[in-house]
Every structure is written in C-alpha cells, then in structure tokens.
Amino acid sequence: MKRVLLALLILLLLLVGVLVVRTLRFGSRQVPAEPAEPFPVDATAAAGRLAEALRHRTIAASDGTGTEDAAFGALHAQLVAQFPRVHAQLGHEAVGAHAHLYTWKGTEPSLSPVLLMGHLDVVPAEAEATWIHPPFGGVVADGYVHGRGTLDDKGSVLAILEAVEGLLAQGHRPRRTVLLAFGADEEVGGRDGAARVAALLRERGVRLESVLDEGGTIGVGLVPGVAAPVALVGVAEKGSTRVELVVRSTGGHASMPPRQTAAGILARALVRLEEHPFEPGLRGGTRALFEHVGPEMGFGMRLLFANTWLFAPLIERQMAAAPSADASIRTTMAATMLEGSPKPNVLPSRVRAVLNVRPLPGDSLEDVSAHVREVVDDARVEVATEGDEASSVSRVDTEGWRQLQRSIRQVFPDVLVAPFLTVAATDARHFHGLSDSVYRFMPVRMTREDLTRMHGRDERLSVEAYAAAIRFYAQYLRNITR
C-alpha cells in the first residue's frame, strides 16, 4: 500500500510539475509596436461627412420590402463628391445593383493584392420616434455621430475612404495593389454584392494577400479575467443553416384526436433536440482567443489555458453556462418558427418547425442533418437542411496577420490583440477561397452597452473614436502595402 501511495504521490508531483512548467512557458503573443506615424484627421469635418452618409436610408431589399435604389444612388453620389482623389485616381467598377469595387494599383503588380471591405446597407430602425436622435437624421451632438449605420457599417466604409483620400493627398504610392469592396446587401446575405465581387476576382484569377472586413471590436470589459481592452479579430465565422421539420397526418376534427397528433410528434422531436445539443469543442478561433489572452491573465487562469489538454472539459462546462460563450464552442440550434392548424378545433394535416442552426467551423451541413436525424429518431418527421457552411479558420502566422496586429498595437498601444470566432455572419465569408488571411475587425472601442446599439436603438459612434478608426486604416494601409 505504501508503494502505491508513493507512486501516486510521484505521479501527482510530476503532473503538477508539468502544469507549472507549461504555465511558465505560456508567454505573451503580443507584438511590440512603435508608435504610429502621424496622420492628420480633421475629426469634425470627417464626422460631418459620416453624418451626411447616414441620412440616406440604404436598407437592402428583403422579404416584403424593395431596394431603396434612390438612396443608394444618392449615397454614391455623395461619396464621389466628398472623396474626389479616390474617384479620380482609383479604378471603379459597379458590381450588382449597388455594390462597388475600387482598385488602387500598386507599383509592383506581382505582389498579391489586399482587400478592405465594408457594406453600405443598414437594417431598418424600429420605433424611430423613440430614438434620442432620428436614426436617419445624421445628427452630430454631444461628441457623437448619431444614426443607423454608424457602427454597422457605414462608419467602417467612410473611415476607409477617409484614410485612402488622406494617403493620396500625401502622395502615398502602395507597392501592393489595394482593393476596396463595399457591398449593399450584407444584412440580407450579400449575394448581390460581396458574393459577386468574390466571383469576379475568382474569374480574374486573383489571389489575395489578406482580407479585412467588419467584425470584432476593441472590447472594453468584454473578456473576463483581462483588465486591458482586447481587439477581437474574427478569424472565422459560424455558418447559418435552416433546418425544417415536417410531420404530416390525415387531420380531422379536434374533438376526436388520435392518441398521438402530428403536433405532438413534432413537439417531441423539438424537445429531444433541445435535450441533445451538439457536443462542445474548444477549437479554432475560440481556442486561439485563449491562447492569446491567457498569458495576460493571473496565474490561476494562465494555468488553465496553458493546459487545455487537461482542463478543456472544465473550461467548456463553464462556458456552456452562458449562451453567448456557449455559442462559441458548439453548433447551436434554436426553434424559431412553428406552424400548425389555422383553427383551434382543426387537427392540422401538416405541422412544421424551422430551426436556425449555426454550425461551428468543422461541423458541415451533412453533420447537422445527420445529428438532427439521429436525435429525432422518428421516420414520421421529415428533415430538410439548407444554408451556408461555416467558414474555414484563417491563419495567424501570416504576414497579413502580423501587419494587422502591429497596426492595431501602433494606433491603440494599450490594447491586446487576439483572434476569435465571429458567431454572426459577415460578407467576409465569401472570400475564404481567395485568401488564407481573412479577418474581421472594426477599430472602435465598445462596451457591452455599446454592443446593444448595433441593430438596436440609438446607434452612435463618438467623433473621437471615428477619428481613431481613420488613423488605424491609414496605418494599416501603410504597413500592408510597403
């Protein structure tokens, strides 16, 4: 018995030693960066141009609504007038109904181009009368630009144009060609805008050095255990899939129901799916996030993330307790639509449920369909699946990543940079076949309260933050095109 206890003690000491050594070697992945080169920004004038862009009600067409053609046309006319150097010196192509592709030719055509992206369309503004300032009023007040699209995503588009206009004024000549792509239907899938731009580049045989689209922000207080703001750079995004469950029956009068109705069969299937979710997995962008922020935490948290080979199940259990964190480690399913009888006393001959499924990178649509069928395990339930696959996971060992990380640290020296998984959809997903370095980042500091304004009420962007975003894009273009 003593020998067994001694052996166990030795094994325990070895384990502790391995854990401690791995923790001590779990060093920072932040890159040192010199201060950014000065880039003059007239913050007041820039805010005024953004405010004018917000006055155009550029809502993309969706079910039951038409495209605001006049608004998109008026917005483009504004951009032509306000950014004359961009429109005089860069090539311009209209793509689809209202998307735009600009080409800033580099001095060395053999180098792969870089692509900066954004979108001009916005979501509708609900309950407009309840906003502090009209959502399409383009009001600058109290140090903020107010209106729908400041954060999602006209702020990014105009900041990019401000940066390029300023660099042209300085006589900057990029070695590497720069492409600017601005979609007009991102909020409804990007099929007419970004997807067409990607197809056009694919037809031309273009291979991109890197892609930078909207996505993560500089999170203030968003990463537990990390005091510093964290620039969350999306390196992948989840898919978006529609799963339809249908049960058919003979119907009839509700006064003479069978032992098991079509609605009951469907309800049982939905309960089974909720009780048997996809297995969690600390992988891809989420694992990369902890690999980058873990070294900046206290010793206890560092020990956990330095030894995920042992503690991954514990970390996953903790994350699964919060829906927002749970969504980053598993494919999620949510029943969003239910359809049955049109009258309370009629048994439906057909009942239907629609699930919104967000596949984690690594889980295919086939995996989703197989999981649903296996869990439901009822031949009476018809299953149909359609949608977009999750993206691949971009690399964080490329020149594109290094220059992006360096640019962020130059303009925002107090900020940590980390990859993460974007759980929402962006136009960037259309470009994964064109580059290994597709990133999603909006250079704006945001708290949890700020995040609620995106697609919500009283969307706004501070004038100071907007000026910093312009400086970031200018520095990033300088770095990536030299």
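# Chat notes on a sheet and its helices

Modeller: To start, in this predicted model, Val247 stands opposite Val381 in β14.

Colleague: Which strand pairs with β14, and over how many bridges?

Modeller: Strand β9, residues 240-248, pairs with β14 in the antiparallel sense over 8 bridges.

Colleague: What is the strand order in the open sheet?

Modeller: The order is β11-β13-β9-β14, 4 strands with antiparallel pairing. β11 (332-339) and β14 (381-388) are the edge strands, and each has a single partner, so one side of each has no neighbour in the sheet. From one strand to the next, the twist averages 20°.

Colleague: Which strands does helix α7 touch?

Modeller: Helix α7, residues 262-275, packs on the sheet and touches β9, β11, β13 (350-358) and β14. The direction of α7 makes about 15° with that of β13.

Colleague: And α12, what angle does its direction make with that of β14?

Modeller: About 160°. α12 packs on the sheet too, touching β9, β11, β13 and β14.

Colleague: Where is Val376?

Modeller: Val376 is in helix α12, which covers residues 365-376.

Colleague: Buried or exposed?

Modeller: Buried: the relative accessible area of Val376 is 6%, and the cut-off for buried is under 20%.

Colleague: What does Val376 touch, leaving out residues up to four places away in sequence?

Modeller: Ala269, Arg272, Leu273 and Val381. Val381 is the residue that Val247 stands opposite.

Colleague: How far apart are Val376 and Tyr144?

Modeller: Their C-alpha atoms are 51 Å apart in space, and the two residues are 232 residues apart in sequence.

Colleague: Changing topic. What span should helix α5 have?

Modeller: α5 runs over residues 154-169, so its 16 residues at 1.5 Å a residue should span 22 Å. The C-alpha atoms at its ends are 22 Å apart, which agrees.

Colleague: How many residues of α5 are buried?

Modeller: 15 of the 16, so α5 is largely enclosed by the rest of the structure.

Colleague: What is the phi of Gly171, after α5?

Modeller: The phi of Gly171, which follows α5, is positive, near 85°.

Colleague: One more residue, Gln78. Where does it lie?

Modeller: Gln78 lies in helix α3, residues 69-82. Gln78 counts as buried because its relative accessibility is 5%, with the cut-off at under 20%.

Colleague: Which residues is Gln78 in contact with, leaving aside neighbours within four places in sequence?

Modeller: Arg49, Glu52, Ala53, His56 and Leu158.

Definitions and conventions:
Residues numbered from 1 in each chain as written. Predicted model: local features only at pLDDT ≥ 70, side-chain atom pairs only at ≥ 80, totals over all residues. Heavy atoms only, no water. Helix = DSSP H or I, 4+ residues; strand = E, 2+ residues; numbered from the N terminus. Expected span 1.5 Å × (residues − 1). Buried < 20%, exposed > 50% of the residue type's maximum accessible area, 1.4 Å probe, protein only. Contact = heavy atoms within 4.5 Å. Pairing = 2+ DSSP bridges. Axes fitted to C-alpha atoms, helices over the stretch in contact; angles between N-to-C directions.
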